Amino acid sequence: MADLSSLKDLGTSEAVAAPVHVRKVDSFGRSYATGKRKDAVARVWLKAGSGKIIVNGKDYTAYFARPVLQMILRQPIVAAARDGQFDIIATVAGGGLSGQAGAVRHGLSKALTYFEPGLRSILKKGGFLTRDSRVVERKKYGRAKARRSFQFSKR
């Protein structure tokens, strides 16, 4: 960075260019990303294929039995209009099923942007690249839960 000795020099400094997103693919033609949600962490590998989705060694419909969780997982692919074009392998640990589905969705969105940087604007607009930072509030002493107090009795 240039040394700015006065306020006039501030306006003449070089404009910082927007970051250029490059394709990140390994020697096997896969892109890898980590997704997180609540306490769940997902590792997601994405490669060109027939549309197979495997989570922890099982088909995603067997692992995430509820249709809502399956829909959450598939949202980035549907939004990017790439349904049936990629094979996805994910390993996910921690948290519950809802958090795990969100973690896989986050990792899948990041992996899609690494594989095809042109999809970044679509996925960012849909909010799939933002890590949902909401976590469970800790329990406080003198309380039943985080904010709930014990039942009050006058007697």
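R23 sits over the face of F115, 4.5 Å from the ring centre; a charge counts as over a ring if NZ of Lys or CZ of Arg is within 6 Å of the ring centre and within 35 degrees of the ring normal. Keep in mind that this is a predicted model, where local features need pLDDT of at least 70 and side-chain atom pairs pLDDT 80 or more, while totals for chains, interfaces and linings use all residues. Residues are numbered from 1 along each chain as its sequence is written, and side-chain values use heavy atoms, with hydrogens and water left out.

Now for the ring pairs. Rings of Phe, Tyr and Trp (its six-membered ring) pair if their centres lie within 6.5 Å; planes under 30 degrees apart are stacked, over 60 edge-to-face, and the rest tilted. That rule gives three aromatic pairs, including these:

| Pair | Centres apart | Planes | Type |
|---|---|---|---|
| Y32 and W45 | 5.1 Å | 45° | tilted |
| F86 and F115 | 5.1 Å | 80° | edge-to-face |

F86 belongs to strand β5 and F115 to helix α4, so their pair ties together parts 29 residues apart in sequence. Helices (H or I, at least four residues) and strands (E, at least two) are DSSP runs, numbered from the N terminus.

Are F86 and F115 buried or exposed? Both are buried, meaning under 20% relative accessible area, with exposed over 50% and partly exposed in between (1.4 Å probe, protein chains only). Y32, at 36%, is partly exposed, and W45, at 22%, is partly exposed.
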